Amino acid sequence: FVQYLKDCRKSSDSLDQAFNDSLFALNGDLPANDVDEGLKDIGDSFNEDRTAFSHFLAALDKLYAKVLDALLFMQNSHYTIANDHVTFSSKKDLDEYTKLLGRVDAANAELSKANKALRKANAKANAKTKRPGSDSSQ
């Protein structure tokens with residue numbers, strides 16, 4: 001999973017470089033007074049969307065790390081599971097587990113927030129770069 005996240009970041013970085021190279025070339029090919037505002041909108045939209053995607057990946061990575069912390073703790077703790085409930089043999093372990101699950105919950109809330117921001121950035125980018133008179137439903 002960690003490798004998957006690294007590959008996503010690497011792919012995103014590669015796409016960013018290629019996209020910015022393309023915009024640079026287009027800007028160089030067009031006369032200065034003919035540079036279309038649409039090109040700027042496309043560049044801005046891409047960067048906003050990519051930033052939101054990067055934040056989403058960071059939040060996903062953080063959640064994974066917090067879940068892994070909780071699992072590693074459980075691997076070295078004494079507990080039983082009965083009727084879908086975890087019971088620890090010591091209060092100290094229970095307190096630590098509760099603290100770790102609180103961190104998982106907080107990271108999950110951050111991921112949810114990052115996911116909403118990503119969807120919002122994507123929708124904004126799509127709306128900003130849509131050609132006047134075009135209908136994407138066709």
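User: What share of the 138 residues of the chain counts as buried?
Analyst: This is a predicted model: local features need pLDDT of at least 70, side-chain atom pairs count only at pLDDT 80 or more, and totals for chains, interfaces and linings use all residues. Residues are numbered from 1 along each chain as its sequence is written, and side-chain values use heavy atoms, with hydrogens and water left out. Buried means under 20% relative accessible area, exposed over 50%, partly exposed in between (1.4 Å probe, protein chains only). By that cut-off, the buried share of the chain is 23%.

User: In what order do the elements of the chain run from the N terminus?
Analyst: Helices (H or I, at least four residues) and strands (E, at least two) are DSSP runs, numbered from the N terminus. The chain has three helices and two strands. Their order is α-α-β-β-α.

User: How far apart are the end C-alpha atoms of helix α1?
Analyst: Helix α1 covers residues 2-29, 28 residues. The expected span is 1.5 Å times one less than the number of residues.

User: Which residues are buried in α1?
Analyst: The under-20% cut-off applies here too. The buried residues of α1 are L5, C8, S12, D16, F19 and L23.

User: Is L68 buried or partly exposed?
Analyst: L68 lies in helix α2. Its relative accessible area is 35%. Buried needs under 20% and exposed over 50%, so L68 is partly exposed.
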